[in-house]
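Notebook open, model loaded. I'll jot down what I look up as I go, one spot at a time.

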Amino acid sequence: MKNELLKYLRTDILPTEFCSGCGCGTVLNIFCHVVDELKINPDDIIMVTGIGCSSWIPSPYFSADTLHTTHGRAIAFATGVKVMKPDKHVIVIAGDGDLAGIGGNHLIHAARRNIGLTVFLVNNYIYGMTGGQVSPTTPSNVPTTTTPYGNTEPAFKIAELVSAAGASYVARWTTYQVFHLKKAMKDAILNKGFSFIEICSQCPTSYGKRVGMREGIDQLKDFRDNSIDLKKTAGMKDEELENKFIVGKFAERNRTEFTENLRNINRKFDEVPV
Ligand SMILES: Cc1ncc(C[n+]2csc(CCOP(=O)(O)OP(=O)(O)O)c2C)c(N)n1
Ligand SMILES: [Mg+2]
């Protein structure tokens with residue numbers, strides 16, 4: 001029996017290049033379910049991505065119009081697309097290095113503008129594709145190829161950062177909570193303003209092995225055993241939350257969307273007699 005969801009993929013290049021145990025396949029799978037259940041025509045989707053393993057989720061695997069852009073610039077390109085094509089679903093899927101490292105400024109300013117993009121940041125806590133360099137979300141003390149004696153920096157709390165910057169929808173889930181993640185992806189796509197989900201994902205090849213979790217399943221068990229609902233964290237100390245994955249919805253706000261403001265200005269000037 002043929003899987004109905006294969007119609008969303010570029011099947012001529014399957015199977016994917018993802019390592020065994022990688023979370024990228026899970027994210028791709030859930031994303032196909034989301035598009036199918038929301039009954040979105042892929043012709044109404046424009047995928048935008050950067051460089052990295054997680055950037056391969058949309059490109060080349062998802063079959064829609066796609067911009068596979070330079071490292072860190074996905075949101076800049078996506079902003080241009082959304083301004084010109086405000087009626088399309090403009091969806092970015094990329095990594096922690098891409099979106100929070102080199103592309104970090106694009107991310108926070110897009111959130112501040114509340115431009116109607118949907119961004120799924122696949123946080124595997126490392127520069128996966130290039131073999132395991134430290135990223136802005138790598139936890140302190142973790143040894144990486146560029147921090148062989150342990151990471152001396154604290155990690156960005158990326159969902160909290162994007163929420164503080166003004167995004168109108170923000171959530172964090174892991175690849176273990178597939179049904180919560182699916183629901184959140186739907187909410188994010190349907191939200192009119194800037195929507196962001198941090199998806200904590202496993203990378204056995206470049207990250208897991210450095211923290212004693214050699215197989216993808218080991219990290220999935222870590223997500224299962226150490227996730228905590230955001231609603232239950234009130235009053236908890238930072239030390240108690242160390243090494244926990246705080247999951248849930250961080251923001252849902254009603255703010256005017258950026259391209260709507262642009263349209264309003266255009267309308268105003270259209271009415272001015274010349
Ligand atoms: C301007 C620039 N700098 C560096 C690179 C090399 N590079 C390619 S992918 C990557 C890291 C990707 O990490 P992340 O975005 O977290 O994606 P992952 O592979 O972990 O999914 C880097 C540094 C590049 N391609 N372009
Ligand atoms: Mg990464």
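Predicted model: local features only at pLDDT ≥ 70, side-chain atom pairs only at ≥ 80, totals over all residues.

**Entry 1: a glycine to start from.** I began at Gly-23, which sits in the segment before α1 (24-37). Is Gly-23 buried or exposed? I count it as buried, because 27 other C-beta atoms lie within 10 Å and the cut-off for buried is 20 or more. Next I looked up what touches Gly-23 once neighbours within four places in sequence are left aside: I get Asn-124, Thr-175, Ser-201 and Gln-202. I also checked Gly-23 against Cys-200: the two are 177 residues apart in sequence, yet their C-alpha atoms are 8.7 Å apart in space.

**Entry 2: the sheet.** Then I traced the strands. I find an open sheet of 8 strands with mixed pairing, and the order reads β2-β1-β3-β4-β6-β5-β8-β7. Why do β2 (65-68) and β7 (227-229) count as the edges? Each has a single partner strand, so one side of each has no neighbour in the sheet. For one pair I went into detail. Strand β1 (residues 45-49) runs parallel to β3, with 4 bridges between them, and Met-47 has Ile-91 in β3 as its bridge partner.

**Entry 3: helices lying on the sheet.** Which strands does α6 lie across? I get β4, β5, β6 and β8, with α6 running at about 175° to β5. Helix α8 (residues 216-226) lies across β5, β6, β7 and β8, and I read its angle to β7 as about 30°.

**Entry 4: more on α6.** I listed the buried residues of α6: Ile-158, Ala-159, Leu-161, Val-162 and Ser-163. What do they pack against? My list is α4 (96-102), α5, β4 (117-123), β5 (169-174), β6 (195-200) and β8 (245-252). Just past the end of α6 I came across Gly-166, which has a positive phi of about 115°.

**Entry 5: α5 against two helices.** First I took α5 with α6. Helix α5 (residues 104-113) packs on helix α6 (residues 158-165) at about 45°, with the axes 7 Å apart. That angle makes α5 oblique to α6. On the α5 side I see Leu-107, Ile-108, Ala-111 and Arg-112, and these meet Leu-161, Val-162 and Ala-165 of α6. Sorted by class, this contact has 6 nonpolar, no polar and 1 charged residues.

Then I turned to helix α3 (residues 74-84). Its axis and that of α5 cross at roughly 40° and come within 8 Å. Here Ile-75, Ala-76 and Thr-79 from α3 meet His-106, Leu-107 and Ala-110 from α5. The class count is 4 nonpolar, 2 polar and no charged residues.

**Entry 6: around the ligand.** Last stop was ligand 1. Which residues of the 18 around it come nearest? I have Gly-52, Gly-95, Gly-97, Asp-98 and Gly-128. The elements giving two or more residues to this shell are β3 (89-95) and α4. I put α4 down for the largest share, 3 residues.

Key. Residues numbered from 1 in each chain as written. Chains lettered and ligands numbered in written order. Axes fitted to C-alpha atoms, helices over the stretch in contact; angles between N-to-C directions. Parallel < 35°, antiparallel > 145°, perpendicular 65-115°, else oblique. Contact = placed C-beta atoms within 7 Å. Nonpolar A, V, L, I, M, F, W, Y, C, P; charged D, E, K, R; others polar. Buried ≥ 20, exposed ≤ 12 C-beta atoms within 10 Å, placed from the backbone. Near = placed C-beta within 6 Å. Pairing = 2+ DSSP bridges.
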